[in-house]
Protein chains: 2
Amino acid sequence: MTDRDAILKINQAFYKAFEALDFDAMCNIWSQQETDVCIHPGWEILFGWTMIKESWRAIFANTGYMRFEPSEVTSEIRGDLARITCVENIFSVVNDMTIHSRVACTNLFARHEEGWRMVLHHGSPIASAQSMEPASSFGDDPN
Amino acid sequence: MTDRDAILKINQAFYKAFEALDFDAMCNIWSQQETDVCIHPGWEILFGWTMIKESWRAIFANTGYMRFEPSEVTSEIRGDLARITCVENIFSVVNDMTIHSRVACTNLFARHEEGWRMVLHHGSPIASAQSMEPASSFGDDPN
């Protein structure tokens, strides 16, 4: 597998873990170092795995079903550090309406002995990028 | 100069160029490649130097004086790619009030023959992090 394929694969695994609210899967994606950084949309910067881990635990405990569809995915790999940017198209259902939000995202991965691991996640809301439609269309094709 | 010192120096030069609304200085900081990425707070992702350059031209043409004070600066360097995250404390004056905004920021730099150059800038507003005070205190120490 090329480095680019490996990066895209773990980036996809990140969104699958988020979608599944799977805490253990999320933990396995991160390098789990104290140099790790995470910036959730609108949040202060979280430094180090200890704080980042607790943020995912809290988010997963307070989040309902969401579907993630990354788009506009680009990558740059230099040696042992790789960057992906993408738009997270997030679909959720509130009061029978499907809400589509768009989040601009930078993800960084570092090469470890066991493979590439996330060392930074930075998501930020794209202004005026939210739309709504009746939720019936949401259930038709969950994939 | 160590890599870390060089990264911190160009990161500081980025904010000085922004503060001075100095288009040429801003251009010199970037690698000016079509793989460059820029996400201004709330904006869509800008891909490539052509679009990024025009965004700075537009921002500088429509922005008054702002003062930048980076805080919570951390860095990680791996080979030819380096990451800085910081909080941009931005002070501006609107209607005689000093507005203090906080933006969470990821900056990436790549090693080029002529030195480190910016390849990604991602800024995102920190929710509820804006405060205001009378502008008289703003003028006392513009540096």
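**Two copies and their contact**

Author: This is a predicted model. Chain B can be laid on chain A with an RMSD of 0.0 Å, by a turn of 180 degrees and a shift of 0.0 Å along the axis. The two copies are thus related as by a two-fold rotation axis.
Reader: Which residue of chain B comes closest to the rotation axis?
Author: Ser124(B), with its C-alpha at 2.7 Å from the axis.
Reader: And how much of the contact surface of chain B recurs in chain A?
Author: The same surface serves both copies, with 100% of the contact residues of chain B recurring in chain A.
Reader: How many residues does each chain put into the contact?
Author: Chain B gives 34 residues and chain A gives 34 residues.
Reader: What area is buried between them?
Author: About 2,700 Å², and carbon and sulfur atoms give 61% of that. On the chain B side, Glu44(B), Arg78(B) and Leu81(B) supply 20% of the area that chain B buries against chain A, more than any other three residues.
Reader: OK, polar side of things. How many residue pairs are in polar contact between the chains?
Author: The count is 10 residue pairs, both residues at pLDDT 80 or more. As for where the touching side of chain B comes from, strands E1 (37-39), E3 (66-78), E4 (81-94), E5 and E6 (115-125) of chain B each supply at least two residues.
Reader: Which of those gives the most?
Author: E5(B), with 8 residues. By class, the side of chain B that touches chain A has 17 nonpolar, 9 polar and 8 charged residues.
Reader: Is Arg102(B) buried or exposed?
Author: Arg102(B) is buried, at a relative accessible area of 18%. Glu44(A) counts as partly exposed, at 34% relative accessibility.
Reader: What about Arg78(A), what does that residue form a salt bridge with?
Author: With Glu76(A), the closest N and O atoms being 3.2 Å apart. Arg78(A) is partly exposed at 24% relative accessibility, whereas Glu76(A) counts as buried at 10%.
Reader: And Asp3(B), which side chain does that one meet in a salt bridge?
Author: The side chain of Arg111(B), at 3.0 Å from N to O. That pair links distant parts of the chain: Asp3(B) sits in helix H1 (residues 3-20) of chain B and Arg111(B) in strand E5 of chain B, 108 residues apart.
Reader: How accessible are Asp3(B) and Arg111(B)?
Author: Asp3(B) is partly exposed, with a relative accessible area of 29%. Arg111(B) also counts as partly exposed, at 33%.
Reader: Over in chain A, which residues are joined into one network by salt bridges that share partners?
Author: Asp3(A), Asp80(A) and Arg111(A).
Reader: Good, that covers my list.

Technical notes. Residues are numbered from 1 along each chain as its sequence is written. Chains are lettered from A and ligands numbered from 1 in the order in which they are written. This is a predicted model: local features need pLDDT of at least 70, side-chain atom pairs count only at pLDDT 80 or more; totals for chains, interfaces and linings use all residues. Side-chain values use heavy atoms; hydrogens and water are left out. Buried means under 20% relative accessible area, exposed over 50%, partly exposed in between (1.4 Å probe, protein chains only). A salt bridge is a side-chain nitrogen of Lys or Arg within 4 Å of a carboxyl oxygen of Asp or Glu. Helices (H or I, at least four residues) and strands (E, at least two) are DSSP runs, numbered from the N terminus. Contact means heavy atoms within 4.5 Å. Buried area is the accessible area (1.4 Å probe) that two parts lose on being put together, summed over both. A polar contact is a pair of N or O atoms within 3.5 Å; within protein, one must be able to donate a hydrogen and the other to accept it, and residues adjacent in sequence count only if both atoms are side-chain atoms. Ala, Val, Leu, Ile, Met, Phe, Trp, Tyr, Cys and Pro count as nonpolar, Asp, Glu, Lys and Arg as charged, and the others, Gly among them, as polar. Copies are superposed by least squares on the C-alpha atoms of residues with pLDDT of at least 70 in both.
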